[in-house]
Amino acid sequence: MIALVDCDSFYASCERIFRPDLAHKPVVVLSNNDGCVIARSKEAKALDINMGVPWFKVKKRYLAKGGVVFSSNFTLYGDISRRVMAVLKMMSPRTEIYSIDEAFLELSGISKHIGCEKMGITIKSTINKWTKIPVRIGIGPTKTLAKVASYQIKKYNLPSRVLVLNDKHSIEKALKETPIIKVWGVGSRLAKRLAVENVETAWDLSRLPPEYIKQKFSVVLERTLRELNGEQCLEIEDIQPTKKQIMVSRSFAHKVNDLSTLHAIINDFVARAAEKLRSEQQKCSSVSVFIRNSYFRKEEYEYGFNNFILPYPSDDTRDFLKVVNKMLPLMYKSNVQYSKAGVMLSSFSDSSTVQDVVFPELHQKCNSALMKTMDKLNYYGYPVYLASQNAGRFNPIQRKMVSPKYTTNWNDLPLVR
Amino acid sequence: MKLKYLGTMLTDDYPPFEIPYFQDMVAAGFPSPASDFMENPIDLNQYLVKNGVATFLFRVSGTSMIEALIDDGSLLLVDCSMQAIHNSIVVAKIHGDLVCRRLCLRPKYCLIAENKEYQPIYLDPDMEFEIMGVVTAVIHQFA
């Protein structure tokens, strides 16, 4: 049996750990730069604050109802997530961290003796006691069915927060109540194509012949179908696959129109992305940049994108800056008020297995000691920059309502009276 | 270029000669007489923290617990995995506040301050109250 442990309104729950005064108040958390709502406590959901809604659209109404708002504090969420995942790893020999607030657990073996439901309740109460994060736990014979169980808990707001789908009858009932769009791996586009086939619920999909789905749709959907019927196709991946790409993108605090400011901001993104790349011990050979204006304004939507393939895989910030600074002027339009930009590094190769270049003199002196030193200085809080970087002159990140770093900063420890 | 086959060489006649290879460098000076007796340095985390994932740090504000040697500005280590019992010093959420008090289960459930100027807080069932964790240590820095 497989359990899916899912933290309830994770970011909002993190904000509440050290703030007992927020226990029953609506809490929302905004995306980087305070753009959109990315997490809502159940009280905020009850005020019809939708996921992903731009903050400026609901701000007035929400605050008037006494709602509390936070900018995102990923330092805190990351540390709490680390604690939750560590507890889960103590409770099962096989766990797969699926996202910052979800993990799959192998229960077979452990649960044989005490039963899945009891095991689920033990996990739930341990996480809650140790980390103060409320979780729900869906349990089923496959990952996809564990997801269905988790959806059922959410939909019916089951007070036990644990649901086991293990017999034919309970699985059939749950599948009939699960709209196809809520099935793991089915997006809105796929749901529309399935609607043509009269597939509206998970049950409808599970009744179709797998070969037909494989032919007409994909192997992936065929696997989903088999999993809905209790046939395990997806294993718990307890070894983390290496990342395939790194993206750094932000909305700006203010609109940006001139090229030199845009330049500085994007160079900052490049530096951050390259730093992440080095921390993963990877090199990459593809660099992409995008710049755009706001969706929500009256002017025409402008989107610029460009991609460059390096002749050799690199992890040197200066290599990336060189190509980015060549691409940027080609995309820039002087009449556009830019509000968001991003940099993506992809086509990775492990830095220890990269071949040497044939003509090293063509290649910038691969000075990895310099990059290592820069990363170290930045890590220990002595920021150093390359000259073209933004270097704090223009901070694109707006996070006005960020909470303290309660668990990672000596100056931010929670106070007790 | 022409190649000529001369026959097969028998390697078995010459068994490999193994030369031991040490990866560590050899120091030319006198070896440290302590090297065989080295132990890990004393680690305060190991001493103070039993269960790291469930331990949170708090800073004390005020003197409500002064007689339990918990002063204004002290650092508290709070283990949320431990079960609070009668007389445990705990961090609790009450009336929307975080407080540090001694938990008393007899004769009545209450939170007691270690300072005569503070009144005990009596706990009744319909009160919103939660014990966050048990205070396992206090650190007060003098210099």
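## A covered helix

In H12(A), the buried residues are Leu221(A), Glu222(A), Arg223(A), Thr224(A), Leu225(A), Glu227(A) and Leu228(A). Buried means that 20 or more other C-beta atoms, placed from the backbone, lie within 10 Å of the residue's own. Helix H12 spans residues 219-228 of chain A and is mostly covered, with seven of its 10 residues buried. The cover includes H7, H8, helix H10 (202-207) and helix H11 (210-216) of chain A. After H12(A) comes Gly230(A), whose phi is positive, near 85°.

## How to read the model

This is a predicted model: local features need pLDDT of at least 70, side-chain atom pairs count only at pLDDT 80 or more, and totals for chains, interfaces and linings use all residues. Residues are numbered from 1 along each chain as its sequence is written, while chains are lettered from A and ligands numbered from 1 in the order in which they are written.

Helices (H or I, at least four residues) and strands (E, at least two) are DSSP runs, numbered from the N terminus.

## Two packed helices

Helix H7 (residues 143-156) and helix H8 (residues 168-176) of chain A pack at an angle of about 65°, with axes 10 Å apart. They are therefore roughly perpendicular to each other (the term covers angles of 65 to 115 degrees).

From H7(A), Leu145(A), Val148(A), Ala149(A) and Gln152(A) meet Ile171(A), Ala174(A) and Leu175(A) of H8(A). Contact here means C-beta atoms, placed from the backbone, within 7 Å. By class, this contact has six nonpolar residues, one polar and no charged.

## A sheet across two chains

Eight strands form an open sheet with mixed pairing. Their order is S13(A)-S1(B)-S2(B)-S7(B)-S3(B)-S4(B)-S5(B)-S6(B). Strands pair if DSSP finds at least two bridges between them. S13 (415-416) of chain A and S6 (121-122) of chain B stand at the edges, each with a single partner strand, so one side of each has no neighbour in the sheet.

Two bridges join S13(A) to S1(B), and these strands run parallel. Here Leu415(A) stands opposite Arg59(B).

## Where the chains touch

The contact takes 20 residues from chain B and 16 residues from chain A. On the chain B side, S1 (55-60), S3 (89-94) and S4 (97-104) each supply at least two residues. S1(B) gives the most, with five residues.

Key: Two residues are in contact if their C-beta atoms, placed from the backbone, lie within 7 Å. Axes are lines fitted to C-alpha atoms, for helices over the stretch in contact, and angles run from 0 to 180 degrees between N-to-C directions. Angles under 35 degrees count as roughly parallel, over 145 as roughly antiparallel, 65 to 115 as roughly perpendicular and the rest as oblique. Ala, Val, Leu, Ile, Met, Phe, Trp, Tyr, Cys and Pro count as nonpolar, Asp, Glu, Lys and Arg as charged, and the others, Gly among them, as polar. A residue is buried if 20 or more other C-beta atoms lie within 10 Å of its own, exposed if 12 or fewer, and partly exposed in between; C-beta atoms are placed from the backbone.
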